[in-house]
Amino acid sequence: MTIDEQAGFLARVGPLLRPAPTRDEEEFWRSGAGGRLRMQRCGSCGRWQHPPNPVCFRCLSRQVAFEPVGGDGSVYSFTINHQPWLPRLRDPYAVIVVELDEQPGLRFVSRLVDTDMADVRIGLRVRVVFEPLGEGLFAPLFTAAREDGR
Amino acid sequence: MTRPERQVVIRGFGSSQVGRRLPVSEMALTVDACLAALADAGIGRDEIDGLATFPGGGFDTAGLAGPGADEVHAALGLQTNWKFGGPEGGQLSGFFSACLAVAAGLARHVLVYRTVGEASAQGAAGRAGALAGAADVAVSGFRRWLAPFDAHSPANWIALYAQRHMHEFGTTREHLGTIAVNNRRNAAGNPNAVYRTPMTLADYFNARMITTPFGMLDCDVPCDGSVAFVVSHVDTADDGPNPAIGIESIGWAMRHRPLWDQWADMTEMAAWDAASHLWERSDLHPGDVDQVQLYDGFSFLPLVWLEALRFCGKGESGPFLDSGKRIAVAGELPLNTGGGQLSAGRLHGCGLLYEACVQLRDQGGDRQAGRPDTVAVGVGGGPTAGAALLVRR
């Protein structure tokens, strides 16, 4: 699929700040191009880890590689930001810690989009969407999962 | 166990004026604090053979770092045998490193300082202004995992921990406000505090929201100021004009992956590691502590420290405050007697170390909380922490 065909999955809240990824984590930041979030997993102990590194922080195996994840998870914690740190941030928005379904503790900080602030709570089911950051990079953001689980 | 902290004392300490947008340079503030500390210790400039600070030079963050150790070395004309400035050991790392250097014999008298100029550097645009202009630059360092998701401020990062604590334990905004009101009340007795106007819980709830659950009065106040200490070998403890402060133990452990969003249990922080380390190295127990000076960059952090230091059970810090009675100057466990960073100014942890020294010398004036023999200092939030037990000798 091209990026245009994936348009339904794009978040469009930008322009977000772009990270300067290291070589070890580029695949995470580029995975939105294919419409599926890819996280790093250890080929030796089988556990997922984040952030990506050239070694498994648990078992020190070098057999780490990226695999697609389902893109579903839950809000582990959140904060609704009201302070316009940047001029475009005039409206309240939710920063979250998302926990992916693949593994307890597989978490990272992200941002909710297209979600009513009144609905934001710990445990809210969410699904990944991508915001292009330029230079082939994408931010994996999240939106409240629909009733049918999609 | 070898305990190098028992081989040293804080022989003197000093502070510059602390305020909002003071019309002097960061170096002038640093010199004020350092010369005050030398005089207090009764140590001449030529006797100083070590220098330490956190985070040291090379930072472009507006006003956060203050002058680097090299600059202060030059300005004061020191002849050092040992020098340290570095950002990755936590806010007390300059102090801790000085203790190690003296105990190891690399230096005899180490000057430790911490200077901030955030109020002037941020200017009229406030904290948000410090981020302006960042939009066109790719984010590197640890912020690359936060800023692309619009988590721009430590207020956001720590709010994520606070919200989880509230969810699991029923901690409330009233608990957070109790910390803010307590500290403001104490600041009224501190002539060098930035905000001394009395404040009520109603004022707290009326302040504008920053990032839930933090409103304006949950966030500390950027300031201009400097504090300094002279760390000397214990053999010289009684050679100065003023009583030296003893160091029972330090806690410098940060055992978990130091990443803001990778804490296994986000109701805890690195404070738990540093606090454990502190008690492992001490002959004392939480019940021996007379008062606490706990990092309040945000109102939630003293709650984390109270739990980490085992003054109460995990999740029990909110009710432990007893609506503020327990932590008041006249209470069972006075907290942040000088007003803390929330009201006295954000000296990035070292202001709390300074206040502990003031209290152990009974120099607190209107804010003096009894005659403490043991004061616990806990500094840091999120993945960074350091703790110390200071004692009357």
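**Entry 1**

I picked out one pair: Arg41(A) has Trp48(A) as its bridge partner in S2(A). Stepping back, I saw an open sheet of three strands in chain A, ordered S2-S1-S3 with antiparallel pairing. Strand S2 (48-49) and strand S3 (64-68) of chain A are its edges, each pairing on one side only. A reminder to myself: strands of a sheet pair through backbone hydrogen bonds, either parallel or antiparallel.

**Entry 2: confidence**

I am working with a predicted model, so I looked up the confidence next. Chain A has a mean pLDDT of 92, and 91% of its residues reach 70 or more. I set residues 1-8 of chain A aside, as their pLDDT is below 50; this stretch has four contacts in the model beyond near neighbours in sequence.

**Entry 3: Pro15(A)**

I found Pro15(A) in the segment before helix H1 (26-30) of chain A.

**Entry 4: where the chains meet**

How many residues of chain A are in contact with chain B? I found 30 residues of chain A in contact with 30 residues of chain B. On the chain A side, strand S4 (72-81), strand S5 (93-100) and strand S6 (107-111) each supply at least two residues. I sorted that side by residue type and got 20 nonpolar, seven polar and three charged.

**Entry 5: strand S1 of chain B**

I moved on to strand S1 (residues 8-15) of chain B, which is mostly covered, with eight of its eight residues buried. S1(B) pairs with strand S7 (residues 224-233) of chain B in the antiparallel sense over seven bridges; there Phe13(B) has Phe229(B) as its bridge partner. S1(B) also pairs with strand S8 (residues 245-251) of chain B, again antiparallel, over two bridges. In S8(B), Ile245(B) stands opposite Ile10(B).

**Entry 6: the core**

Which residues touch the most other members of the largest nonpolar core? Of its 155 residues, I found that Val231(B) and Leu390(B) do.

Technical notes:
Residues are numbered from 1 along each chain as its sequence is written. Chains are lettered from A and ligands numbered from 1 in the order in which they are written. This is a predicted model: local features need pLDDT of at least 70, side-chain atom pairs count only at pLDDT 80 or more; totals for chains, interfaces and linings use all residues. A nonpolar core is a set of buried Ala, Val, Leu, Ile, Met, Phe, Trp, Tyr and Cys residues joined through C-beta atoms within 7 Å. A residue is buried if 20 or more other C-beta atoms lie within 10 Å of its own, exposed if 12 or fewer, and partly exposed in between; C-beta atoms are placed from the backbone. Two strands pair if DSSP finds at least two bridges between them. Helices (H or I, at least four residues) and strands (E, at least two) are DSSP runs, numbered from the N terminus. Two residues are in contact if their C-beta atoms, placed from the backbone, lie within 7 Å. Ala, Val, Leu, Ile, Met, Phe, Trp, Tyr, Cys and Pro count as nonpolar, Asp, Glu, Lys and Arg as charged, and the others, Gly among them, as polar. pLDDT is the predictor's confidence in each residue, from 0 to 100.
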